[in-house]
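Let's get to know a protein by asking it some friendly questions. Take a look at what is shown below, then read on.

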Amino acid sequence: MLKFQTVRGGLRLLGIRRTSTAPAASPNVRRLEYKPIKKVMVANRGEIAIRVFRACTELGIRTVAVYSEQDTGQMHRQKADEAYLIGRGLAPVQAYLHIPDIIKVAKENNVDAVHPGYGFLSERADFAQACQDAGVRFIGPSPEVVRKMGDKVEARAIAIAAGVPVVPGTDAPITSLHEAHEFSNTYGFPIIFKAAYGGGGRGMRVVHSYEELEENYNRAYSEALAAFGNGALFVEKFIEKPRHIEVQILGDQYGNILHLYERDCSIQRRHQKVVEIAPAAHLDPQLRTRLTSDSVKLAKQVGYENAGTVEFLVDRHGKHYFIEVNSRLQVEHTVTEEITDVDLVHAQIHVAEGRSLPDLGLRQENIRINGCAIQCRVTTEDPARSFQPDTGRIEVFRSGEGMGIRLDNASAFQGAVISPHYDSLLVKVIAHGKDHPTAATKMSRALAEFRVRGVKTNIPFLQNVLNNQQFLAGTVDTQFIDENPDLFQLRPAQNRAQKLLHYLGHVMVNGPTTPIPVKASPSPTDPVVPAVPIGATFDVAMRFLYECPWRRLQELRELIPNIPFQMLLRGANAVGYTNYPDNVVFKFCEVAKENGMDVFRVFDSLNYMPNLLLGMEAAGSAGGVVEAAISYTGDVADPSRTKYSLQYYMDLAEELVRAGTHILCIKDMAGLLKPMACTMLVSSLRDRFPDLPLHIHTHDTSGAGVAAMLACAQAGADVVDVAADSMSGMTSQPSMGALVACTRRTPLDTGVPLERVFDYSEYWEGARGLYAAFDCTATMKSGNSDVYENEIPGGQYTNLHFQAHSMGLGSKFKEVKKAYVEANQMLGDLIKVTPSSKIVGDLAQFMVQNGLSRAEAEAQAEELSFPRSVVEFLQGYIGIPHGGFPEPLRSKVLKDLPRVEGRPGASLPPLDLQMLEKELIERHGEEVTPEDVLSAAIYPDVFAHFKDFTATFGPLDSLSTRLFLQGPKIAEEFEVELERGKTLHIKALAISDLNRAGQRQVFFELNGQLRSILVKDTQAMKEMHFHPKALKDVKGQIGAPMPGKVIDIKVAAGAKVAKGQPLCVLSAMKMETVVTSPMEGTVRKVHVTTDMTLEGDDLILEIE
């Protein structure tokens, strides 16, 4: 440090000598004493404060920061040698506008000079004067010049006097809406309001009609007042589609003025610059000369000193118009520094010390353009939501760097908290190359390297700008963003690793996301997973596993190209539990076939032929193999069971064969087929259809499954369903090993080696241990032959058993089974397969819960509120049961309710799948596949939850079963393979105590780097009060589109509102947003008050 000071002192002495011997800039130049600056305070925050501190450190100057109460954790106060609190008790922005506090800190701490940065007080003449009065140098123009240039109207007058062309506008700030009306009458629309005492897009509003005038006037005034402490506005004619070109000027106290060429700031959104370029591409040399000479002329007109910017609009004919002077350092000064190799902050400080531009080696003839520089402002704004500011904690920050890249930032680090109180700028990225295309390539590369997690950023939008051909050609104007809607076709960030950490943290804090039936932990060891993924029920994949069933099918098809795949199709119900328009069923089969499905096992829970035929036709027209399935119930070997006799099944088979089925299946979901019945039914079918493949499916609830399937095989069945030994028995299928062993060395020998069966079973035994919490053996210890009486399907038997135990009714399961029998008889002795089995089960539980016998339920049918599924069944929503509906029960329950005649789906209009696709894209904001459309058509709520869940928690299919269900243990290390060649190394470190927001911090090590996430403790939050959130699916619930403060409420409870009517005004990061009504209706309740601070999606009000 001592050596550096000595060198710097030498430079100062040299500067004094040069000052004393250098020729005067003009005959009348005044001689000023050189006064070195030893301590600089920056009256600002964020990246500009750090930029100035760095320059001061390079010059050996001590630095002082000021900060508000909300900025105690900000980096700028840590980068300074000293830091002091200002504005205690004031609002966040007001703290940095409180001149007395800032001056007090400067005087008490022997500050020589104050640098205002940009924004806040940088263009306030009274602040410059207060510094001067306190004996503190203001690093900027004199107070008088700041006043003249800060008053946009006076600046216009000065420009006119200097012979610089200006845009038509008011001569003074307007004081009323009436004056704005008069100006509009004279010059016509469009017009633009501008803040008279500040820039940066604050208080700037374009108006295209009289209808927009009042609202935009009020908003512009309010924004200007909030940002600059003065709401004065002036109004001028708005020039359409101009280029926004600004010229950097630099002056000293000796009358020397020079320019550092121009910057193109045309790429703007809401009049705020997004991307800046120096020099302006394809700028006519003569126009460049006019712009720069007019800038210097204007600066000399007012005796400008220090750094400033003269801004112009250039119309399509090459005519330029002065718009304003920014008497301060600009956000985009960086690109000028890059192409001229002039450090503007160094120059500012030296000029404030009293040195001349020639002293600093700055002469106009020496200023040259070197290549091209581009600056992108990376902000915490979400371009997918109209650039709404996002706030929160940065969980991950990794920047793009390398040759030709410069980064100016302050809050861009892991753990930083982005506040809603200030500007959303996160980091300025500056790329420098030999020309415009080279700089653009470097910028694109740098942006692609960024990883910012925890808050949304505009990086995807900036990448689209950098790849746009108009931008690359250098032909942009201020309408560039508005006229290129493809810029908003954003490529969503994958963010897979961080999402998985969020999921694991959520499970570690709150437990499994999938409902766990019993308290049992997964096996601590994973089985050796086979090389193929395993299938799952369509909705279960989305509902509980949070995986796409279509993706599973695609992976299976790719890994197993040579074995036919089969799926269950519930006739007209497709893979759902209700009726769908015919076009949905046909489209589903078509897309399933395209994705690799081969055989469609088509069934209907009531064996209702119209539903079956529709499913068969849909599967056949898609090119699939049609396997028509007859759902089995009763006992064909019992002559007293006449409803579902052998003849009944033979007649059904005749109809299905005539309809063109390729395979015939008997679907015995309850395991009711006894060996004698198997022999009778299968032999009859084989005799009648000798060449038709026969497939038998059963469950082993009674324990007689193996015997039944052997009887089927001996009677002529071609295929019988079995399960791996470790997964067989009880409500599952009969044992594979038992069947293979029993048929060895017989005419029915399967040819399957028992050793392979044992290996296969061993894997599944290990896998079953992972699902201990779902295992039926937790509550069931054996099969039960009473299934021949209650006829409960295998899957439902298990579910009912779990439900009874979870409700504390384990000892009453016998009553539930008895009620199931009575419920079945009440409904007319149904074939019980989903969804008909659920209807019987719902009625049974209803009877047990209400202590009703069959006789009592039938007698009180007119007064009872039966389960919805029962009512809809009686209405005819799933079809007509064999033998018709039970009377008088049906009439008593339905009364005047409508009844469906014939096939339920026949009366449904076709679903507009294209419109559904558009709605899905609008909601989920990403590319939607044909498969997604069908998932949403069949399970709209499940699909919506699945998409929202995976958008939050990422690709959960990459987690092992144990991690998915239970999460990792503290200190556990594991790997997650996202895709080939991309593996995450993760270690769970710790979980913090609860914070005041009801959250716990969960710490991980990811690929050797510390990561932490905040997880809401759902149990703790139930005991804490939080503002309610707006539900996305409820149209009348209006949520905050961004975090911010409520500054105006425009409606009250009971008020009638029209679609598009303003409801309230939010302010965040010094920008105001009007929340409008999405619908017409009446305000039911207002949930906010003025000055209330909201988070994103907090409920504002409800409309009905």
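Predicted model: local features only at pLDDT ≥ 70, side-chain atom pairs only at ≥ 80, totals over all residues.

Residues are numbered from 1 along each chain as its sequence is written, and side-chain values use heavy atoms, leaving out hydrogens and water.

Q: How many residues of strand β9 (243-251) are buried?
A: Strands (E, at least two residues) and helices (H or I, at least four) are DSSP runs, numbered from the N terminus. Buried means under 20% relative accessible area, exposed over 50% and partly exposed in between, with a 1.4 Å probe and protein chains only. Residues such as Arg-243 and Ile-245 point one way from β9, while others, including His-244 and Glu-246, point the other way, and all are buried. The count of buried residues in β9 is nine of nine.

Q: Which residue in β12 is the bridge partner of Arg-243?
A: Two strands pair if DSSP finds at least two bridges between them. Nine bridges join β9 to β12 (residues 306-314), and these strands run antiparallel. In β12, Arg-243 has as its bridge partner Val-314.

Q: Which residue in the turn of the hairpin formed by β9 and β10 has a positive phi?
A: Strand β10 (residues 257-269) runs antiparallel to β9, and six bridges join them. Gly-251 stands opposite Ile-257 in β10. Five residues lie between the two strands of the hairpin, and the one in the turn with a positive phi, of about 90°, is Gly-255.

Q: Which are the edge strands of the open sheet of six strands?
A: The strands follow the order β23-β24-β25-β26-β27-β28, with parallel pairing. Inside this order, five bridges join β25 (residues 625-631) to β26 (residues 663-667). An edge strand pairs on one side only, and the two that do so are β23 (566-569) and β28 (719-720).

Q: What is omega for the cis peptide bond between Ala-278 and Pro-279?
A: Most peptide bonds are trans. Pro-279 is found in the loop between β11 (272-278) and α11 (285-302). The cis bond that joins Ala-278 to Pro-279 has an omega of about -5°.

Q: What is the phi of Glu-791?
A: Most residues other than glycine have a negative phi. Glu-791 lies in the loop between α27 (787-790) and α28 (794-806), and is buried, with a relative accessible area of 4%. Although Glu-791 is not a glycine, its phi is positive, at about 60°.
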